[in-house]
Amino acid sequence: MTSPSEYGTGPGDPAEPEPRILCDARALADAPPVPGGVLWKLAEPGRQLDANVVRLAPGTGVAPHREPDLDVLLFVVAGGGVLGAGTGDEPRQLTEGATVWLPHGSTRSLTAGPEGLACLTVHRRRPGMRIRPRDGA
């Protein structure tokens, strides 16, 4: 049998985590345009995910790069652009509502179209830097 405190509801225990609405990505995307950058960032303590709503100004983008460790989910909130999926692969048009999986190990680039591009990105949280003793020390 479990006691109430095992669920974080006993005296002095932290409250049980509760689902909550964090932002309205569409409203952020519809706000007056900014040159580009992060419009919102998940910053909840104890989270296991990282998430951002990012706006790219028209014609700007993210240069080709390879992410060796993390799968990334990208959801186009507003605007559109082009996903470059690596050497020898055809660029793919992105429009509002597109959901893209960028598997770890893949090379990718992103270029905003004439209306710019606002997207939500979600991936596993990177572990923080840790100081460790040297081997043999």
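Which residues touch the most other members of the largest nonpolar core? The points below start there.

1. Basis. This is a predicted model, in which local features need pLDDT of at least 70 and side-chain atom pairs count only at pLDDT 80 or more, while totals for chains, interfaces and linings use all residues. Residues are numbered from 1 along each chain as its sequence is written, and side-chain values use heavy atoms, with hydrogens and water left out.

2. Largest nonpolar core. L74 and L94 touch the most other members of this core, which has 14 residues. A nonpolar core is a set of buried Ala, Val, Leu, Ile, Met, Phe, Trp, Tyr and Cys residues joined through side-chain atoms within 4.5 Å; buried means under 20% relative accessible area, exposed over 50%, and partly exposed in between (1.4 Å probe, protein chains only). The elements that give two or more residues to the core are β2, β4, β6 (99-102) and β7. Strands are DSSP runs of E with at least two residues, helices are runs of H or I with at least four, and both are numbered from the N terminus.

3. Another core lies apart from the largest one. It has nine residues, including W40, L42, V53 and A78.

4. L74 and T121. Leaving aside neighbours within four places in sequence, L74 is in contact (heavy atoms within 4.5 Å) with A98, T99, V100, L102, L110, C119, L120 and T121. T121 is in strand β7 and counts as buried, at 14% relative accessibility. Not counting residues up to four places away in sequence, T121 touches D50, A51, N52, V72, L73 and L74.

5. Largest pocket. The largest pocket holds about 350 Å³ of space. On a 1 Å grid over the protein atoms alone, a pocket is an open set of points where a 1.4 Å probe fits, with protein on both sides within 12 Å along at least five of seven lines; lining residues have an atom within 4 Å of a point. Grid points are joined across faces, edges and corners, and the volume is the space filled by probe spheres set on the points. Of the 18 lining residues, V62, H65, V72, L74 and T121 are the closest to the centre. Two or more lining residues come from each of β2 (49-56), β3 (61-66), β4 (72-84) and β7 (107-124), and β7 gives the largest share, six residues. By class, the lining has ten nonpolar, five polar and three charged residues. Here Ala, Val, Leu, Ile, Met, Phe, Trp, Tyr, Cys and Pro count as nonpolar, Asp, Glu, Lys and Arg as charged, and the others, Gly among them, as polar.

6. Salt bridges. The whole structure has four salt bridges, each defined as a side-chain nitrogen of Lys or Arg within 4 Å of a carboxyl oxygen of Asp or Glu. In one of them, the side chains of E44 and R20 meet at 2.5 Å, N to O. E44 is in the loop between β1 (36-41) and β2, and R20 is in the segment before α1 (25-30), 24 residues apart. E44 is partly exposed at 26%, whereas R20 is exposed at 54%.

7. The closest N and O atoms of E96 and R26 are 3.3 Å apart in a salt bridge. This pair links the loop between β5 (92-94) and β6 to helix α1, across 70 residues. R26, D30 and E96 are linked in a network of salt bridges. R47 also pairs with D50, at 3.0 Å between the closest N and O atoms; R47 is partly exposed at 21%, and D50 is buried at 17%.
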